[in-house]
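Dear colleague,

Please find the structure below, with a summary of the findings after it.

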Amino acid sequence: MSFSVVKGSGYVLVHTPDMIIHSGTTQTSERIVNPESDYLKNLPKFLRSYDEVVSYPANQTYIGNITPDELSQYDLPWYDKKIENADRFGKFGEIMPQDEFIGLMKIADAFDLVKLNKEFTVSVKEKLQKHPLISDDLIAKLKDGDEMSDINKSINELHAEPIYNDNKIVGCVKRAHEIDINLNAHTIFENLVVKASGALAMLNLLDKNSINPQDIEYVIECSEEACGDMNQRGGGNFAKSIAEMTGCVNATGSDTRGFCAAPTHALIEAAALVQSGVFENVVIVAGGATAKLGMNGKDHVKKDMPVLEDVLGGFAVLVSKNDGKNPILRTDLVGRHTVGTGSSPQAVITSLITAPLDKGELKITDIDKYSVEMQNPDVTKPAGAGDVPTSNYKMIGALGVKRNELERKELNNFVTKHGMPGWAPTQGHIPSGVPYIGFGREAIVNEEINRVMIVGKGSLFLGRMTNLFDGVSIVMEKNSGKTEDSKGVSEEEVKGLVAEAMREFASHLLGN
Amino acid sequence: MGRFDGKKIIIIGDRDGIPAPAIEECLKSTEAEVVFSSTECFV
């Protein structure tokens, strides 16, 4: 069976300053335990404008307008640097402003739970009509808006969650059930954000890669939220709802969960579904998490810097039947952290990095780029969490030294050559392994590199069902140009035929 | 007597650094009492 290929990708960010204040858990928790805190009072002064978010070098990297190599030319911190003439649209996707996204949440709402006031509806409709990817059919779902008195009544008397824009209430998300916490206004708000941002990533994937939505057969959604009701809390299914919203009429789908590791799990699943011939075109997609907005905000404010966790992230990747051109997904070179692996850094890196390399008789240096936890260090370093990608590269390099595949003195060069600076927002699953798929695919197709390893890690212990964490990895490699069709019969089939002939010959000898 | 003998230990591990079970394993050869052990995710 022929390996599947990565045919395209889409990456989106959504600037959501008001959602930092009203939906990010650092802020909502602070409002409960310390409502008069200086942090909450000062926070609005530390929010960036949309233009600042668009011109921020890490964000321009996320949507493909500058490469990781170009980003690495900028010295940290990056928040005081800007890309001149930065565009909200990029090669891989876009950075959407909050008002348009609130409109998209209304469009994503299939149960009339989102109410937007008339004035806001008129203004956002005008903006979305100019958006290249939002069709008239989608815009029609905005309808005409609601009276502010009805919205206030829903918020004040019926437990609806307010929707803020520019610090003003412009609408609300109603609860979908009177007592079911899984369908309360807060959960529905979070889930509509996942659906809308996931759909935006899907629309960008389809558009930027000229893919017909009708060709998509299966969608795997791999974010970290759960949709369901009190009888099936994580029943799902974001995947099919995103497929429906984006015109993928021939698709079904399902949600895969694994904390931050889920996108890489989903990539392996997609590769397996395509390679086995079950489906020809599988999309993995994820929306963003409001809960993580401003997660490290206290540290950022304390250090007198802007609150950088001000964007939701989303991505989508299409995995397709081997076309002889796009990079293949080596399902025979998959790494996994098993229950029995253990938790020492050496055991972890061995299971995720060197175990799959050994299967392919490859050295650590045979992988040109490792896409690990690509968290933006501009966000994490001031918060005391260090530079996560660099720590990962050092551990991989150290194992390379131990395996005699790398000189100790070459360790720093290894980090530069085989690693990259992190550019993805700290949205959990969003920075995990997948941010480089777009650049990696392009670099392989352009014959700049041969192999990339995608590594995802997930903090399962946060769910309190196990102390274990998790991780999986897969190698993406240059296509040899040989597909199953051009190959005729596989090597395995030839071996099988030869073995059968030998057995038959042997049986004749024994018989005589 | 070792540095940790007779001590009560609280372990906070880091998923992208040294996870708590690995630290706990290292303390098994001492007389320390691990009273709390948890790995946290700082990203």
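In this predicted model, 17 residues of chain A are in contact with 11 residues of chain B, a contact being a pair of residues whose C-beta atoms, placed from the backbone, lie within 7 Å. Helix 17 (residues 388–402) of chain A contributes the most to the side of chain A that touches chain B, namely 3 residues. Helices (H or I, at least four residues) and strands (E, at least two) are DSSP runs, numbered from the N terminus. By class, that side of chain A has 6 nonpolar, 9 polar and 2 charged residues; Ala, Val, Leu, Ile, Met, Phe, Trp, Tyr, Cys and Pro count as nonpolar, Asp, Glu, Lys and Arg as charged, and the others, Gly among them, as polar.

Chain B has 1 helix and 2 strands, in the order β-α-β from the N terminus. Its C-alpha atoms fill a box of roughly 40 × 15 × 10 Å along the principal axes. Of the 43 residues in chain B, 23% are buried (20 or more other C-beta atoms within 10 Å of the residue's own, C-beta atoms being placed from the backbone).

Residues are numbered from 1 along each chain as its sequence is written, and chains are lettered from A and ligands numbered from 1 in the order in which they are written. Local features need pLDDT of at least 70 and side-chain atom pairs count only at pLDDT 80 or more, while totals for chains, interfaces and linings use all residues.

Yours sincerely

Technical notes. Contact = placed C-beta atoms within 7 Å. Buried ≥ 20, exposed ≤ 12 C-beta atoms within 10 Å, placed from the backbone.
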